[in-house]
Amino acid sequence: MAYSAPAAASAPAPNAALKARAAAAPVADVADAEPAAAADRVEITSMKHDTSSRSAPGVMRRGNDAGLSADAVQAEVSADARLPRRQWLEKIRERRDQGQRDLARASLERYIQQYPESRLPRDLRPLLDD
């Protein structure tokens, strides 16, 4: 059985109350209405991200490492994959710090594929957001 709130017998219908309030209120200027309309809107700013610079995972963008061919990137990532885990993560950090973000991201994506159970260090997580 679904619960429903009992209707108040003495309360006027919402539409009737709004109409009565609108009829009693003086006509406002358009300039006064704009701030009121803006106050009625809710804007969520914490969820906004600049997506103009984003690309799909694995897609190369122009940057400091834009001169590398796909084969060169693959060779670099394969070399990284032969390193022990900690050294691999350090190599990713070095690439990131040298401005080779795409190469660092590609290597990090390969790291995640190779070690899906491992916890991703916090300082490297933003590479996946680019």
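**Entry 1: ground rule and overview**

I count two residues as in contact when they have heavy atoms within 4.5 Å of each other. I also remind myself that this is a predicted model.

I started with the fold of the protein chain. I found six helices and zero strands, so from the N terminus on the elements simply run α-α-α-α-α-α. I then looked up burial: buried residues make up 19% of the 130 residues. The chain exposes about 10100 Å², and carbon and sulfur atoms supply 54% of that area. Taking the contacts with a separation of 6 or more, I see that 60% of them come from residues 24 or more positions apart.

**Entry 2: α4 against α5**

Next I picked helix α4, residues 85-97, and helix α5, residues 101-114. I noted that their axes come within 7 Å and cross at roughly 155 degrees. That angle is over 145, which means α4 is roughly antiparallel to α5. The crossing of α4 and α5 is left-handed.

Who meets whom here? On the α4 side I listed R85, W88, L89, I92, R95 and R96. On the α5 side I listed R101, L103, A104, S107, L108, R110, Y111 and Q114. Sorted by class, the residues of this α4 and α5 contact are seven nonpolar, two polar and five charged.

**Entry 3: α3 against α5**

I moved on to helix α3, residues 70-81. The axes of α3 and α5 come within 9 Å, and they cross at roughly 50 degrees. That makes α3 oblique to α5. I wrote down the crossing of α3 and α5 as right-handed.

From α3, the contact uses V73, Q74, E76, V77, S78, D80 and A81. From α5, L103, A106, S107, R110 and Q114 take part. My class tally for α3 with α5 reads five nonpolar, four polar and three charged.

**Entry 4: α3 against α4**

To finish the trio, I checked α3 with α4. Their axes come within 9 Å and cross at roughly 145 degrees. The contact is made by E76, D80 and A81 of α3 together with W88, K91 and R95 of α4. By class, I get two nonpolar, no polar and four charged residues for α3 with α4.

**Entry 5: D80, a charged residue in α3**

D80 kept turning up, so I gave it a page of its own; its place is in helix α3 and it counts as charged. Is D80 buried or exposed? I find it buried, because its relative accessible area is 2%, and the cut-off for buried is under 20%.

Leaving out residues up to four places away in sequence, D80 touches W88, K91, R95 and S107.

**Entry 6: D123, in a loop**

Last, I looked for D123 and found it in the loop between α5 and α6, the latter being residues 125-129. D123 is partly exposed, with a relative accessible area of 34%.

Which residues does D123 touch, once those up to four places away in sequence are set aside? I noted R93 and R96. D123 and R93 are 30 residues apart in sequence, yet 8.6 Å apart in space, C-alpha to C-alpha. R96 was already in my notes, as one of the α4 residues that meet α5.

How values were computed: Residues are numbered from 1 along each chain as its sequence is written. This is a predicted model: local features need pLDDT of at least 70, side-chain atom pairs count only at pLDDT 80 or more; totals for chains, interfaces and linings use all residues. Side-chain values use heavy atoms; hydrogens and water are left out. Helices (H or I, at least four residues) and strands (E, at least two) are DSSP runs, numbered from the N terminus. Buried means under 20% relative accessible area, exposed over 50%, partly exposed in between (1.4 Å probe, protein chains only). Accessible areas come from the Shrake-Rupley method with a 1.4 Å probe; for residues, only the protein chains shown count as cover. Axes are lines fitted to C-alpha atoms, for helices over the stretch in contact, and angles run from 0 to 180 degrees between N-to-C directions. Angles under 35 degrees count as roughly parallel, over 145 as roughly antiparallel, 65 to 115 as roughly perpendicular and the rest as oblique. A crossing is left-handed if the near helix is turned anticlockwise from the far one by less than a right angle, and right-handed if clockwise.
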